[in-house]
Amino acid sequence: MTYDRYKKFRNDDGTISLVPFVEIPIRSTDEYCTYEIGKTRFDRLSYKYYGDPQYGWLILQSNPNISSFEFEIPNGTVLRIPMPLEAVLNGYEVSIDEYKQINGIG
């Protein structure tokens, strides 16, 4: 089952409140790859590294120095792939919970 990154921000009426940017810390287990214009796609990277194409958002979130528009990413840019997936998602959840607590979001 795919991870629902919006579950902590889904309102009772089904709308989604603002999802904040949270930093994905660098780990010694992270992997790296080189972006190739016209070849690299985030859904494919997600599938290659995680076995599921739905985590392109996590790769983008882990590389805040690049644009979220693939056509604006310079050829040859090194991308960080946060690994292992389960540990990264657990850390993401903790960061979201801390953000909500600090900002008084229920």
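Predicted model: local features only at pLDDT ≥ 70, side-chain atom pairs only at ≥ 80, totals over all residues.
**Fold**

With that settled, I went through the secondary structure and got three helices and two strands for the protein chain. Along the sequence they come in the pattern β-α-α-β-α. I then took the box along the principal axes, and the C-alpha atoms fill roughly 40 × 30 × 30 Å.

**Burial, contacts and surface**

How much of the protein chain counts as buried? I get 36% of the 106 residues. Next I looked at contacts with a separation of 6 or more: 66% of them are between residues 24 or more positions apart. The accessible surface came out at about 6,900 Å², and carbon and sulfur atoms hold 52% of that.

**Charges**

I counted 11 positive and 15 negative side chains in the protein chain. The centres of the two sets sit 4 Å apart.

**The cis bond**

I checked the omega angle going from M83 to P84 and found a cis peptide bond, with omega near -10 degrees. Where does P84 lie? I find P84 in the loop that runs between β2 (78–81) and α3 (85–102).

**S17**

I moved on to S17, which belongs to the segment before β1 (31–34). Is S17 buried or exposed, or something in between? Its relative accessible area is 31%, and buried would need under 20% while exposed would need over 50%, so S17 goes down as partly exposed.

For its contacts I skipped the neighbours within four places in sequence, and that left F9 and N11. I also took the distance from S17 to Y49: the two are 32 residues apart along the chain, and their C-alpha atoms are separated by 29 Å.

**V78 and a nonpolar patch**

Which residues make up the nonpolar patch I looked up on the surface? I wrote down I26, Y32 and V78, with about 340 Å² of accessible area together. A residue needs over 30% relative accessible area to be taken into a patch, and V78 clears that because its relative accessibility is 49%. The figure still leaves V78 as partly exposed, since exposed starts over 50%. As for its place in the chain, V78 is in strand β2, the strand that spans 78–81.

How values were computed. Residues numbered from 1 in each chain as written. Heavy atoms only, no water. Helix = DSSP H or I, 4+ residues; strand = E, 2+ residues; numbered from the N terminus. Buried < 20%, exposed > 50% of the residue type's maximum accessible area, 1.4 Å probe, protein only. Contact = heavy atoms within 4.5 Å. Areas by Shrake-Rupley, 256 points an atom, 1.4 Å probe, with all protein chains shown as cover. Lys, Arg positive; Asp, Glu negative; His and termini not counted. Charge placed at Lys NZ, Arg CZ, Asp CG, Glu CD. Patch = residues over 30% accessible without salt bridge, like charges linked within 9 Å, V, L, I, M, F, W, Y side chains within 5 Å. Salt bridge = Lys/Arg side-chain N within 4 Å of Asp/Glu carboxyl O.
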